[in-house]
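The sequence and structure are shown first.

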Amino acid sequence: MHVPELGQADVTFHCMHCHTALAKKLNENVPYYISTAPVLIIHFKLVDHPTAGSPADMIHSFLQPYFPHGGLHLLDVIFDFGTARKTNAYSQQCTALVNDLEKEEYSLVCIIITTHTDDTHRDPFVGHDKKGNYIAASVIEFMNVLLPPWHDVIQCAQESTLFFMGCGAIINQSDTFRDLRLSVLEYTFSSAVAFTAPHFQPPYTCHLALAYAELVLIERFNIREAFPEILAQSYRLGMHTSIILMTRFKHNGAAALECTRYAWAHTASRPWGFTLLVQCPQCGCISQWNSTYSSGMYIVECSYTGCGRSRDNETTSCQKYTFKRPRGSKRLKPGKRHNAEWLEIPLDFSRPNAVTGFSDSE
């Protein structure tokens with residue numbers, strides 16, 4: 001039977017079997033449809049920072065077949081506001097770009113920020129100073145220059161997600177992480193994703209980014225509900241970094257963030273999601289750790305028989321670590337292996353957190 005409506009430009013098809021299989025994994029019955037809502041991807045890139053293998057480019061390439069008649073746009077915005085003159089030039093550049101975007105309203109906005117982080121002060125780099133050296137600014141100062149020209153674009157979107165592709169120093173320090181969360185709230189992002197690795201490598205996130213594009217941008221699953229399945233496609237990323245998911249919600253009428261840490265746990269190398277050193281810091285041996293499990297705790301000891309023995313035959317106990325299961329953690333089924341799995345760990349900033357080690361009261 002000929003159905004004229006099927007020939008319309010905005011009709012898109014998706015495998016029903018794949019849809020129902022994913023819905024079963026998420027334990028949720030959802031309508032069968034594919035989003036044709038316009039998608040805007042903005043990649044903010046630090047000047048002179050190489051971005052080969054960029055997740056933004058891969059998301060754009062993956063989505064292109066779903067938008068044969070337009071509605072998908074990728075913007076690469078190189079930022080350098082290390083001086084007042086450069087800050088004014090950046091603002092003018094972005095204002096012109098935003099004016100061009102007003103021709104189409106984008107329902108879904110994905111913003112990716114790629115920058116370096118100052119290891120001493122945990123601040124993001126903003127560009128070059130007058131001498132051509134990289135200069136850093138606080139998270140609040142950085143965001144308050146980078147994002148204001150795009151405020152209306154973000155606010156008008158039905159859903160907006162921020163990926164902060166910077167080294168984990170920002171997350172692993174209480175004040176900078178607090179500032180990042182405040183910026184997510186101020187600029188009305190629906191959700192944000194950040195990473196904890198001290199020397200973070202953005203190309204490692206490509207599988208996560210593609211799963212996000214498919215499940216959230218196309219199939220329109222809620223990012224928090226879909227995140228375990230997104231992680232299931234990215235278990236190797238867990239050996240490099242833990243992941244922070246922040247999602248916006250209303251609490252007593254005010255905007256707030258639900259924050260969760262996802263850590264890859266491996267019985268041999270990452271007990272309960274904590275990184276186990278490759279080399280024993282006491283004896284210097286690179287060998288397998290002896291591990292025992294009891295009452296929810298992993299106890300690991302250096303396997304070298306001479307560990308703790310000095311050259312003058314003085315002895316101490318061999319190097320030992322104890323790893324306890326993080327408070328409130330949940331073991332996820334998606335991506336589970338026989339000796340490894342993702343952990344979902346809620347972050348409560350009202351008290352010192354067992355995972356981050358800090359609270360908002362510090």
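## Packing of α7 against α8

In this predicted model, helix α7 crosses α8 in the right-handed sense. The two axes come within 9 Å, and the crossing is at roughly 135°. Because angles over 145 degrees are needed for a roughly antiparallel pair, α7 and α8 are oblique to each other.

On the α7 side, the contact is formed by Leu208, Ala211, Tyr212, Leu215 and Val216. Helix α8, residues 223–232, contributes Ile223, Ala226, Phe227, Glu229, Ile230 and Leu231. Sorted by class, the α7–α8 contact holds 10 nonpolar residues, 1 charged residue and no polar ones.

## Packing of α7 against α2

Helix α7 (residues 206–218) also packs on helix α2 (residues 55–63). Here the angle is about 45° and the axes lie 9 Å apart. Angles under 35 degrees would count as roughly parallel, so α2 and α7 are oblique to each other. The handedness of this crossing is right-handed.

Helix α2 brings Pro55, Met58, Ile59, Phe62 and Leu63 to the contact. They meet Cys206, Ala209, Leu210, Tyr212, Ala213, Glu214, Leu217 and Ile218 of α7. The class count for the α2–α7 contact is 12 nonpolar, 1 charged and no polar. Tyr212 of α7 takes part in this contact and also in the contact with α8.

How many cavities of 30 Å³ or more does the structure hold? There is 1, and the volume of the largest cavity is about 40 Å³. Its lining consists of Leu108, Val109, Glu159, Ser160, Thr161, Tyr212, Val216 and Leu217. The elements that supply two or more of these residues are strands β3 (108–114) and β6 (159–165), together with helix α7.

By class, the lining comprises 5 nonpolar, 2 polar and 1 charged residues. Val216 belongs to the lining and to the contact with α8, while Leu217 belongs to the lining and to the contact with α2. Tyr212 is a lining residue that is found in the contact with α2 and in the contact with α8.

## Packing of α4 against α6

Another helix pair is formed by α4 (residues 139–146) and α6 (residues 174–186), whose axes come within 9 Å and cross at roughly 25°. Since angles under 35 degrees count as roughly parallel, α4 and α6 are placed in that class. Their crossing is right-handed.

Val139, Ile140, Met143 and Asn144 of α4 make the contact with Thr176, Asp179, Leu180, Ser183 and Glu186 of α6. The residues of the α4–α6 contact divide into 4 nonpolar, 3 polar and 2 charged.

Terms used. Residues numbered from 1 in each chain as written. Predicted model: local features only at pLDDT ≥ 70, side-chain atom pairs only at ≥ 80, totals over all residues. Heavy atoms only, no water. Axes fitted to C-alpha atoms, helices over the stretch in contact; angles between N-to-C directions. Helix = DSSP H or I, 4+ residues; strand = E, 2+ residues; numbered from the N terminus. Parallel < 35°, antiparallel > 145°, perpendicular 65-115°, else oblique. Left-handed = near helix turned anticlockwise from the far one by under 90°. Contact = heavy atoms within 4.5 Å. Nonpolar A, V, L, I, M, F, W, Y, C, P; charged D, E, K, R; others polar. 1 Å grid on protein atoms, 1.4 Å probe; cavity = no way out; pocket = protein on both sides within 12 Å on 5 of 7 lines; lining within 4 Å. Points joined across faces, edges and corners; volume = space filled by probe spheres on them.
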